[in-house]
Amino acid sequence: MRENREFICVTCPVGCTIEAVIEGQELIELKGNACRRGIAFVREEISNPRRMLTTTVQVDGGALPLLPVHSNEPLPKHLLLAAAAALRRVRVTAPVTVGQVIVHDLLGTGVDMQASRPVPAKQATD
Amino acid sequence: MKQLQCDVLVIGAGPAGLAAAYEARRTGAANVVIVERNDEAGGILPQCIHNGFGVRALGADLTGPEYAYRWIDRARKEGVGILSRTMVLGLEAQRAVVANPREGLVDIMPRAVVLCMGCRERPRGALAIPGERPAGVYTAGTAQRLVNMEGYMPGSRYVILGSGDIGMIMARRLTLEGAEVAEMAEILPYVSGLRRNLVQCIRDFDIPLSLCTTVTNVYGRDRVEAVELSTVDERWRPVPGSQRRVPCDTLLLSVGLIPENELSRVAGVAIDPVTGGPFVDERFATSVPGIFAAGNVVHVYDLVDDVTESALAAGRSAARHAMGLDGGPRSEIELAAGDNVRHVVPHRLDPGSLEQGEVLLHLRVRRPIEAATRIEVWADDHRLLSRRLRYVRPAEMVTIALQEQHRAMLEGARRLTIHAQEA
Ligand SMILES: Cc1cc2nc3c(=O)[nH]c(=O)nc-3n(C[C@H](O)[C@H](O)[C@H](O)COP(=O)(O)OP(=O)(O)OC[C@H]3O[C@@H](n4cnc5c(N)ncnc54)[C@H](O)[C@@H]3O)c2cc1C
Ligand code: SF4
């Protein structure tokens, strides 16, 4: 059965409203996307929606108590809460460099979590 | 008192300040210094750990800290000096008195100044919520800093007032950290932040969102125990009988940002009461010769990419001014907000500047129109250009480019008016 569904593309901040006709998990037609990435977004949204994950992990011996981390690729949406909960228990030791892989293959998804900033070691005088 | 001469002094090391300083150096200013009151450069971005920054300006979808580090790196490589933990105490066109713990008072004599102080959150006082004043009421940005940088969770069950981007982003963030967001309330009949945040921060996590709703009371003596939410009518008056009590231990306020212009006022810069920022021309020059302004201090942008772009232009202008390359006398046209337009930046422009390239007009509409909309630019009573958009929303700034071809029609005009009407 064909149905009309409205999507808001979250791939970039433009946030196009896309009107799509879908049948089961198949995309029949769509309009409203300002670029091609909107097509890929709707396809994924009806089969396996994914989102980027950004959160923090704890740092030992760092100039800051927390390190912000981001996924190198979007994760399946239904795993976001479990992934964030797992990352709450992760601790790293300073110094950390930007881009450093903090968790490899998060929950067996093949996705890595990387450092979003450097955190130098805490100065002895601080 | 230590004295310091420089060509361009930039105040604030957020994305605006970093880009302005970087571009001032590239334009040829020899000595460019940024003063920043925080320990580190980056402005608000180190606490904005989510992604979505730089898609247009850098062609990459970065987190806030990554975007900041790219620009800190660029500015350093260009030879920009950054004085952190430095407060500006006084400011005039060619003089700034600053203080920091390393050097005490420093008297800086710049040839040009760029104001890049960003914005701050509207506090609770501006809202007049009745009820007790218990602990547990925070602005969304303060909570963001506590959770993302200090590792402190302000509470476990939240109500968020306002559907601005910071509020929506915090709703997701708190949920990911294991807290419960009981409800988000928005007084307007539509969400005030970006659509993508509505999807990925609110709907993805099934957070209840109530439109036309506000907080009418806060309960709790020492700590918030509950808030009262009420539906409002079209004039924002609570509808009698609509009150309901929502238990929570924390209330977050995400009710808007105001440009931070105390220092601009000290320097005598004229402020537009509509934007809350300085009146600027297309070079981002303020009313005081030699003082320029860029980023959220001028008007609150929704995307950092536009902040960076405006700051590059301001940095270029400041460097030109410092090098004595300002050019001859200007003939300026005033820009005016017409039908359904709240404000337009810049406030004035010299058509002659179109010779050097396009000039971007940034505007915000008053009311959303969820249908084809025509943006029209009129030079006195001639229509200069018309652009069709699929919709307009107050949350999404509209950008219109004026080009060289428009110059002839602009010469001699007195006023440029911009309208946004249903097509
Ligand atoms: C929660 C949140 C989420 C956001 N999400 C996005 C997003 O997803 N995508 C996106 O593109 N944009 C986003 N933005 C917008 C973007 O972060 C801002 O537009 C940008 O940071 C503004 O840059 P700025 O340099 O003008 O101001 P700021 O970043 O605020 O920097 C101003 C700097 O000036 C300093 N300063 C102020 N006064 C003085 C003084 N008197 N002396 C010395 N220094 C001073 C401050 O300490 C600060 O470092 C978000 C903003 C917020 C708050
Ligand atoms: S369709 Fe393209 S332009 Fe529109 S939101 Fe998606 S990625 Fe951005």
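A polar contact is a pair of N or O atoms within 3.5 Å; within protein, one atom must be able to donate a hydrogen and the other to accept it, and residues adjacent in sequence count only if both atoms are side-chain atoms. The model shown is predicted: local features need pLDDT of at least 70, side-chain atom pairs count only at pLDDT 80 or more, and totals for chains, interfaces and linings use all residues. Residues are numbered from 1 along each chain as its sequence is written, chains are lettered from A and ligands numbered from 1 in the order in which they are written, and side-chain values use heavy atoms, with hydrogens and water left out.

**View 1. Polar contacts of ligand 1 in chain B.** A backbone N or O atom of V304(B) lies 2.7 Å from an oxygen atom of ligand 1. Two further pairs involve nitrogen atoms of the ligand. H50(B) places a polar side-chain atom 3.0 Å from a ligand nitrogen. G52(B) uses a backbone N or O atom, at 3.4 Å from a nitrogen. Of the 1000 Å² of accessible area that ligand 1 has on its own, the protein covers 93% (Shrake-Rupley method, 1.4 Å probe; for residues, only the protein chains shown count as cover).

**View 2. The shell around ligand 1.** The shell holds 32 residues (a residue is near a molecule or strand if one of its heavy atoms lies within 4 Å of it). The closest are A16(B), E36(B), I44(B), N296(B) and V304(B). By class, 16 are nonpolar, twelve polar and four charged (Ala, Val, Leu, Ile, Met, Phe, Trp, Tyr, Cys and Pro count as nonpolar; Asp, Glu, Lys and Arg as charged; the others, Gly among them, as polar).

**View 3. Ligand 2 in chain A.** The surrounding residues include C9(A), C12(A), C16(A) and C35(A). T11(A), N33(A) and R37(A) also belong to this shell, as do G15(A), A34(A) and G38(A). Five shell residues are nonpolar, four polar and one charged.

**View 4. The open sheet of chain A.** Five strands follow the order β8-β5-β6-β10-β9, with mixed pairing (strands are DSSP E runs of at least two residues, helices H or I runs of at least four, numbered from the N terminus; two strands pair if DSSP finds at least two bridges between them). Strands β5 (residues 54–60) and β6 (residues 66–71) run antiparallel and share five bridges. Within this pair, T56(A) stands opposite P68(A). The loop between β8 and β9 contains P95(A). A cis peptide bond joins A94(A) to P95(A), with omega about 0 degrees.

**View 5. The parallel sheet of chain B.** This open sheet has five strands in the order β10-β17-β11-β12-β13, with parallel pairing. β10 (137–139) and β13 (209–210) stand at the edges with a single partner strand each, so one side of each has no neighbour in the sheet. Five bridges join β11 (residues 157–161) to β12 (residues 180–185). V159(B) of chain B faces E183(B) in β12, standing opposite it.

**View 6. Backbone details in loops of chain B.** R85(B) is not a glycine, yet has a positive phi of about 45 degrees. R85(B) sits in the loop between β5 (81–83) and β6 (87–92). The peptide bond from V345(B) to P346(B) is cis, with omega near 5 degrees. P346(B) lies in the loop between β21 (341–345) and β22 (348–349).
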